[in-house]
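The structure is shown first.

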Amino acid sequence: MAATSETPVAAAPRRKTGRHRGEGQWAAGHFTPLNANEQVKKDDDGLNVRTRIETIYAQRGFDSIDPSDLRGRMRWWGLYTQRKPGIDGGKTAVLAPEELDDEHFMLRVRIDGGRLTTDQLRVVGEVSQEFARGTADITDRQNIQYHWIRIEDVPEIWRRLEAVGLSTTEACGDTPRVVLGSPVAGIAEDEILDGTPAIEEIQRRVVGNPAFSNLPRKFKSAVSGSPLLDVAHEINDVSFVGVVHPEHGPGFDLWVGGGLSTNPRLGVRLGAWVPLDEVPDVYEAVISVFRDHGYRRLRNRARLKFLVADWGAPKFRRVLEEEYLRRPLTDGPAPEQPVERWRDHVGVHRQQDGRFYVGFAPRVGRVDGATLTKIAALAEDHGSGRLRTTAEQKMIVLDVSEAQVASLVAGLEALDLRVAPSPFRRGTMACTGIEFCKLAIVETKARGASLIDELERRLPDFDEPLTINVNGCPNACARIQVADIGLKGQLVLDDHGHQVEGFQVHLGGALGLEAGFGRKVRGLKVTSAELPDYVERVLRRFQEQRTDGERFAQWVARAAEGDLS
């Protein structure tokens, strides 16, 4: 949609002008805050709230927290209030924020590039057990997320995490969030190049830097040199994707403007090749374009994807080069389509150095503190002390000798962490859901786990790669539009006319191979109770009708509506 509207001018014909009142772009001189969120950020940088947490709120308790800090600036340090227990999904959009707020917090630990040591993971597990009632979910942004956090305990949690090099700085908020990275960077046999130095330099320059702590909205990014395209590059604000330039060799292809939520858009290529040592400069330039030109008037149009959609790739690249980098970028090739259909690195794989890495699958990213400490012990006993989280809610132990692989696999399997999982265990992810999220309408984690069990029992021989993404609301934290089967939580009517938890169904979405959004079947909604029956029915039809080698998404694109319901 073009960013213009028609405005009448006295005694003159109509002409196209900018959007009414502008879009709140700093580069256009629109510094007056145009909504409450922008006013909160202008009043005080979110980074400054840490001092108040440590010296006031942690000392005086939850009731002492200023509302603008509670529902705004505390996000700059990874803190959200969680949902008050017992509030059903029908009240999500009805109750005021203070009615939804529990006096406990979600706390997100950012793990840039998914890189962890066993010492770090052990501390993460200990904090979970001591302060978070055992909670510790692995997210699809490579982070770990706690619940049940008391404000009184936050300074001590920070002290313990930071003592081992971890942080919650800008894990949430209108900030540069965690930088996704290939979880096998620097070790995979098929790697194009290792993006780790770029991620480390981006962290050093940007995270906690007041120059980038007031963005129009959140800013998601990724750097990966893996040919598996393992960081969901199509749905980040900026992504650097490994490619080989015919003249200059290995580098990165630059993508901008991806994002899902209620207005999904896939990122676009700028057609530019970026060498490894220039990635931090280009990242800084892209985030600066967003800061200065991003739309701040309407919060639901404030993501970078809307600016990219209005400008187009050629104008975005021109502004990036002329106004920020002050030099042209080198033209370059697009990434090749991945050979592998799974890109989560689950299983046993040989490293460049002859050792092995072992990827495993929890159920829908749900683990707990006790399990994390046991994983740390296993990794310490069998590897070099290095682990990774993935962008698919999985984990990996690195540097395992061939003699140690079988023992490690047995130890993980004893913890119900599958190294050779079914397609359903491997391909199902779920967001936080109504258990803790104030935006959610339905339960997700337990629903996803039970769906896995049912499908494994009903379809034991199903062996095709398949993604099933379960989301508790329309905001798509679990990427429903780009899943083979995407389930968007909402309230629906059952056969008796009662309002119950259920899902709108998206079918045939994909990332990597022929990336695109799923197909919505007109009027198709499924109650939570009916979900296993529905998924089984559709997968059996796929098995009956598919041609040789046909993927589920390809079948969905040609299937009759009746076969998808």
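## A bridge between two strands

In this predicted model, Val223 has Phe240, a residue of strand S10, as its bridge partner. The pair belongs to the contact between strand S9 (residues 219-224) and strand S10 (residues 238-245), which run parallel and are joined by four bridges.

## Helices on the sheet

Helix H7 (residues 196-206) packs on the sheet, where it touches S8 and S9, and its direction makes about 170° with that of S8. Helix H8 (residues 279-293) also packs on the sheet, touching S8, S9 and S10 together with strand S11 (249-256) and strand S12 (268-274), and the direction of H8 makes about 160° with that of S9.

## The sheet as a whole

The sheet is open and has six strands, in the order S8-S9-S10-S11-S12-S13, with mixed pairing. Strand S8 (176-181) and strand S13 (330-331) stand at the edges, and because each has a single partner strand, one side of each is left without a neighbour in the sheet.

## The second largest pocket

The second largest pocket holds about 490 Å³ of space. Its lining is made up of 28 residues, of which Asp190, Pro227, Leu228, Val339 and Glu340 are the closest to the pocket centre.

Strand S10 and strand S14 (347-350) each supply at least two residues of this lining, and the largest share, three residues, comes from S10. Sorted by class, the lining of the second largest pocket comprises 16 nonpolar, four polar and eight charged residues.

Technical notes: Residues are numbered from 1 along each chain as its sequence is written. This is a predicted model: local features need pLDDT of at least 70, side-chain atom pairs count only at pLDDT 80 or more; totals for chains, interfaces and linings use all residues. Side-chain values use heavy atoms; hydrogens and water are left out. Two strands pair if DSSP finds at least two bridges between them. Contact means heavy atoms within 4.5 Å. Axes are lines fitted to C-alpha atoms, for helices over the stretch in contact, and angles run from 0 to 180 degrees between N-to-C directions. On a 1 Å grid over the protein atoms alone, a cavity is a set of points where a 1.4 Å probe fits but cannot get out, and a pocket is an open set with protein on both sides within 12 Å along at least five of seven lines; lining residues have an atom within 4 Å of a point. Grid points are joined across faces, edges and corners, and a volume is the space filled by probe spheres set on the points. Ala, Val, Leu, Ile, Met, Phe, Trp, Tyr, Cys and Pro count as nonpolar, Asp, Glu, Lys and Arg as charged, and the others, Gly among them, as polar.
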